[in-house]
Amino acid sequence: MKLLIVDDEELTREGLIASLDWESLGVEQIFQADDGINALAIARLQKPDIILSDVRMPRMDGIQMVERLESFLPDTSVIFMSGYSDKEYLKAAIKLKAVNYVEKPLNPLEIKEAVLEAAQRHEKNLRTRQSENLYSLEKASQLALLLTKPYKENEEEITGLADELSLRLMPGSSFTTYIVKLKTNDPDSTLLHDIRSDFTDYLTHYHLQVFYIQIHAVYHVFHIMGNNLPSPVALSAVESYLKDQFSQLGDFFIGRGDTVTGISKTYHSYTNAVVMLQSSFFFCPGTLLSSDSMEKSAPAPSAFELTESAVPSFKEALLNKDQDTCTQLLNSLYECYFENRIFLPNQVKDIYYKLFICINDSRQVLKLNYDLADGNTEESIIEHLEKCFTYQELHQMLVSKTELFFQNIHSYVPEDSTIFMIKDYISKNYANDALSIKEISDHVFLSASYVCTYFKSQTGQTLNQYLTEYRMEKAMQLLADARYQITDISSKVGYSNGNYFSKSFKKFTGLTPSKYREKMLG
């Protein structure tokens, strides 16, 4: 605990410090002040748990000091040191606040007992305050959640909670909703708690209150309330605070709803913020979107024409091995969609999905070697699309895949068509545990014995070796992703028997699947 001794006589203060083993009483820090004014300054800075104070002092006496202290340290315990003539004077203090007093001349034993009693009272006050705060926080969260729903359907509950929280709802009370959308759905809970707590204190400087609720893991909703319309300076301060603090938790966007008057219209501010965030996908992380910054202009007809023609034009350029046209088309798409306010994310993601498929189809037509196990299946493309937090991420992924496509073309050594068909068939059917050499040979219209001989002569390895190697490499990729269970991976790569899979994997890599995963994930 922290103790503040307030007395205008230095000898008294020093004598008190020397007279007791304060550490045994739980006091680790002791501060001194020579009057009430200096005591308040120290109290604001150090936040003492107990104050041991003289009653009569120059400039500001102990009673006046306690009256001021109540406003910012209501749970601090006070012990007055008083002479016999101060008893009547102390009645005001005792009515004002639960205080104790010790008589002068001071007796160390009495001081010890008073300090222990004050410490117990302080702990009790803290527990009570924490309980009250938790209750208020719970009610405030309930109110914040209800404000994200239509007012008419929840009017009775909203009014009841506002009364419980003793909100001063005036005719001109304003509400502005901010929604912070985080990329991560598992932010540092301690840091998030500190941000919320500090934000509440920060807003008091602007005479504002906040009601917070977290929705669907990544959305953090803040309803800002003021008795009057907030000034541009106050809103700017709110926005700077949110940006600075949430940048510690990774990429984010902020949607700001319109400021409304009256708690019944808060739902409008909330839905407005939701609408703002719908376009956040097309902006840089850290952007704040509001009605002011999202004025929609009529889209150029070329934007819709480009959207309609992008997929067939891209596929034609790929098949013609025309890298310049592909690059120009991708640049045009970026100019069209980046920071656009017209198209919805799912519309654009659907176009980009088709463009990814174009690359896969073109590879097959041109008989380019590629590995469907390396993030090129329809399933993995969809997964990548869902993971993209911004359009920039999505576009860069397509640019990289396109560049890789043309790199493969430039380094392409024509592969025997039969070998290509065999490898392509394996890439699409390796997960089938019943996949056999006969099935593969039937696919290329050759006998099983001839296929085995031909494959070995062309590639230098047997067909079974190639199939095992392909499955093992796919298993290694899946093991690097903690979301997949080892038993599931076994079946995903064509092994119905988990033990046989483990033995084959260890033979191929020198490690069991579990040891390999430990090594990969650290």
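The model is predicted.

The chain folds into 21 helices and 11 strands. Its C-alpha trace covers about 115 × 60 × 40 Å along the principal axes. The radius of gyration is 36 Å, whereas a compact globule of 522 residues would come out near 24 Å.

Among contacts in the protein with a separation of 6 or more, 70% join residues 24 or more positions apart. Of the 522 residues, 43% are buried.

The surface and the charges can be taken together. The protein exposes about 27,500 Å², and carbon and sulfur atoms supply 50% of that area. Its charged side chains comprise 51 positive and 70 negative ones. The centres of these two sets lie 5 Å apart.

Is Thr-12 buried or exposed? Its relative accessibility is 18%, and because the cut-off for burial is under 20%, Thr-12 counts as buried. Which residues does Thr-12 touch, leaving out those up to four places away in sequence? They are Asp-7 and Leu-106, where a contact requires heavy atoms within 4.5 Å.

How values were computed: Residues numbered from 1 in each chain as written. Predicted model: local features only at pLDDT ≥ 70, side-chain atom pairs only at ≥ 80, totals over all residues. Heavy atoms only, no water. Buried < 20%, exposed > 50% of the residue type's maximum accessible area, 1.4 Å probe, protein only. Helix = DSSP H or I, 4+ residues; strand = E, 2+ residues; numbered from the N terminus. Rg over C-alpha atoms; globule rule 2.2 N^0.38 Å. Areas by Shrake-Rupley, 256 points an atom, 1.4 Å probe, with all protein chains shown as cover. Lys, Arg positive; Asp, Glu negative; His and termini not counted. Charge placed at Lys NZ, Arg CZ, Asp CG, Glu CD.
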